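Trainee: Could you walk me through reading a model like this one? I would like to learn what each feature tells me and how it is defined.

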Amino acid sequence: MGEMMPIVPDLAPLLLACLVAFLASVLGGLSGFGTGLVLPAFLAPLVGVSAVVPVMAVAMLFNNGGRVFAFWRDIAWVHLRRMLWLGLPACVAGAYGYTLLSSDAIAFALGAFLLASIPLRRVLRAANLRLSPALQVVAGGCFGFVNGGMSGAGILLISFLMAADLAGSALIATDALISFVMGGAKVLLFGSLSALAAHQALIGLVVGACTAPGAFVARWLLRRLPAGLHAWIMEAVVLVGALSLLIQAF
């Protein structure tokens with residue numbers, strides 16, 4: 001985890017990351033996920049591969065916090081507790097494991113996960129899963145561990161919550177709070193292990209702030225884009241980003 005980054009980042013990569021953050025949040029607003037899948041490849045040149053997941057954790061706190069605030073009354077607390085019971089400790093374990101990896105291993109793991117997320121989205125959508133309360137606890141642990149060390153695992157959480165019969169605003173609200181709680185735990189752990197420097201956290205805050213307007217644009221576009229087009233756009237961007245990370249690993 002030892003890459004040294006300048007305290008003041010180059011302006012061009014930062015502006016690009018902010019632009020991508022906004023566009024990714026638009027895609028996320030249209031499809032229910034995607035921000036964490038698109039951003040990592042654009043953050044890597046700015047903060048270093050080793051800091052991508054810690055910086056993403058900070059950025060997504062801003063993104064998910066806004067959704068929690070907007071949909072607080074719709075949170076399904078029973079489902080939230082089930083998903084966090086094993087999910088939160090598993091997330092901490094996954095985040096700790098991430099800090100033990102080399103930069104090349106992180107680049108490979110991130111690239112491979114992002115690449116796998118494309119067919120995974122289709123498989124989960126077609127599987128029509130149904131989760132009992134006990135299986136929700138197990139699913140929470142699985143999601144938590146993956147989420148601890150990866151970015152973009154929200155596709156799993158959305159699928160698990162839908163399989164628990166959540167939909168609409170309850171799905172959005174519960175997903176947001178679970179992600180926010182786990183994100184906070186990741187930030188605390190990364191900070192305590194010196195895996196997240198102050199200037200990297202600041203970059204995460206700036207990039208996260210750029211996601212805020214995306215929800216409003218997504219709401220406007222949702223009424224005008226052909227069904228499914230936004231998902232194809234997101235998959236194309238994720239594919240390019242995943243390949244770029246895999247190239248960095250070799």
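This is a predicted model: local features need pLDDT of at least 70, side-chain atom pairs count only at pLDDT 80 or more; totals for chains, interfaces and linings use all residues.

Trainee: Where is S151 found, and does it count as buried or exposed?

Mentor: Buried means under 20% relative accessible area, exposed over 50%, and partly exposed in between, with a 1.4 Å probe and protein chains only. S151 is in the loop between α7 (133-149) and α8 (154-163). Its relative accessibility is 5%, so S151 counts as buried.

Trainee: How many helices and strands does the protein have?

Mentor: Elements are DSSP runs numbered from the N terminus: helices are H or I with at least four residues, strands are E with at least two. This protein has 12 helices and zero strands. Of its 250 residues, 50% count as buried. Among contacts between residues at least 6 apart in sequence, 86% join residues at least 24 apart.

Trainee: What is the average pLDDT of the protein?

Mentor: pLDDT is the predictor's confidence in each residue, from 0 to 100. The protein averages 82, and 84% of the residues score at least 70. Among the elements, helix α5 (residues 77-99) has the highest mean, 96, while helix α12 (residues 229-249) has the lowest, 68. Over residues 1-8 the pLDDT is below 50, and that stretch has 18 contacts in the model beyond near neighbours in sequence.

Trainee: Now helix packing. At what angle do α4 and α10 pack?

Mentor: Axes are lines fitted to C-alpha atoms, for helices over the stretch in contact, and angles run from 0 to 180 degrees between N-to-C directions. Angles under 35 degrees count as roughly parallel, over 145 as roughly antiparallel, 65 to 115 as roughly perpendicular, and the rest as oblique. Helix α4 (residues 52-70) and α10 pack at about 40°, with their axes 7 Å apart. α4 is therefore oblique to α10. On the α4 side the contact is made by V55, V58, A59 and F62, and the α10 residues include I203, L205 and V207. Sorted by class, this contact has nine nonpolar, three polar and no charged residues. Ala, Val, Leu, Ile, Met, Phe, Trp, Tyr, Cys and Pro count as nonpolar, Asp, Glu, Lys and Arg as charged, and the others, Gly among them, as polar.

Trainee: Which residues of α7 and α9 meet?

Mentor: From α7, G140, F143, G144, N147 and G148 meet I178, M182, K186 and F190 of α9. The classes here are four nonpolar, four polar and one charged. The axes of α7 and helix α9 (residues 168-192) come within 11 Å and cross at roughly 45°, so these two helices are oblique to each other.

Trainee: How many residues of helix α3 are buried?

Mentor: Six of the eight residues of helix α3 (residues 40-47) are buried, so α3 is largely enclosed by the rest of the structure. The buried ones are P40, A41, L43, A44, L46 and V47. Just after α3, G48 takes a positive phi of about 95°.

Trainee: Which residues other than glycine have a positive phi?

Mentor: Most residues other than glycine have a negative phi. D165, in the loop between α8 and α9, has a phi near 70°. S194, in the loop between α9 and α10, has a phi of about 60°. D165 counts as exposed at 60% relative accessibility, and S194 counts as exposed at 66%.

Terms used: Residues are numbered from 1 along each chain as its sequence is written. Side-chain values use heavy atoms; hydrogens and water are left out. Contact means heavy atoms within 4.5 Å.
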